[in-house]
Amino acid sequence: MEILTAVALLIGLGAFVAAPMVRRSPPVEPGQNLKLENLLDRKEEIYAAIKDVEYDFHMAKVSEIDYQQMKNKLYDEAGRVLAELDRLQSRADLGVQPDLDADLETEIAIAKARRAKASRAGRAGKAGHIHRCARCGHSNAAANKFCGNCGAQIP
Ligand SMILES: [Zn+2]
């Protein structure tokens with residue numbers, strides 16, 4: 001009887017220890033989620049900082065030069081965070097969209113990130129042109145080493 005009690009206790013303890021681990025396991029890669037959450041937190045911090053800087057300027061607590069410098073720095077960082085968020089979210093497809101705050105400052109930061117993304121996409125588009133197979137005329141991506149249709153080597 002004592003052995004049975006001990007076994008029951010061990011099983012109970014095992015379930016108790018294992019349960020939170022099972023509950024906590026995230027549905028997608030934990031590293032990615034963590035990074036996404038950090039970026040979302042950072043984004044909120046930057047937006048809050050931009051509002052603070054603007055408030056301080058309106059309250060005449062900071063000079064216009066300091067205000068512009070701080071704001072530019074924050075916009076640059078917001079642009080980087082938004083671009084990284086965009087990249088992570090389109091890759092992970094977690095269905096989380098950056099909430100597009102309607103204020104002008106945020107729009108500027110988003111536009112900046114979009115421009116950076118568009119210029120990267122433009123460069124990639126030029127590099128990824130189509131290569132026509134000399135043997136069969138099949139259109140292959142330029143990155144391919146062999147024709148997808150007949151297997152001929154692409155020069
Ligand atoms: Zn071919």
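What follows is a short chat about a predicted model.

Colleague: What should I know before reading residue numbers and features?
Modeller: Residues are counted from 1 along each chain, in the order its sequence is written. The model is predicted, so local features need pLDDT of at least 70 and side-chain atom pairs count only at pLDDT 80 or more, while totals for chains, interfaces and linings use all residues.

Colleague: How many helices and strands does the chain have?
Modeller: The chain has four helices and two strands. Both are DSSP runs numbered from the N terminus: helices are H or I with at least four residues, strands are E with at least two. Along the sequence the pattern is α-α-α-α-β-β.

Colleague: Which residues form the largest nonpolar core?
Modeller: That core has eleven residues, including Leu39, Ile50, Leu74 and Ala113. A nonpolar core is a set of buried Ala, Val, Leu, Ile, Met, Phe, Trp, Tyr and Cys residues joined through C-beta atoms within 7 Å. Buried means 20 or more other C-beta atoms within 10 Å of the residue's own, exposed means 12 or fewer, and partly exposed is in between, with C-beta atoms placed from the backbone.

Colleague: Which helix gives the most to this core?
Modeller: H3 does, with five residues. H2, H3 and helix H4 (104-127) each supply at least two.

Colleague: New topic. Where is Ala60?
Modeller: Ala60 sits in the loop between helix H2 (30-58) and helix H3 (64-92). Its phi is near 60 degrees, a positive value in a residue other than glycine.
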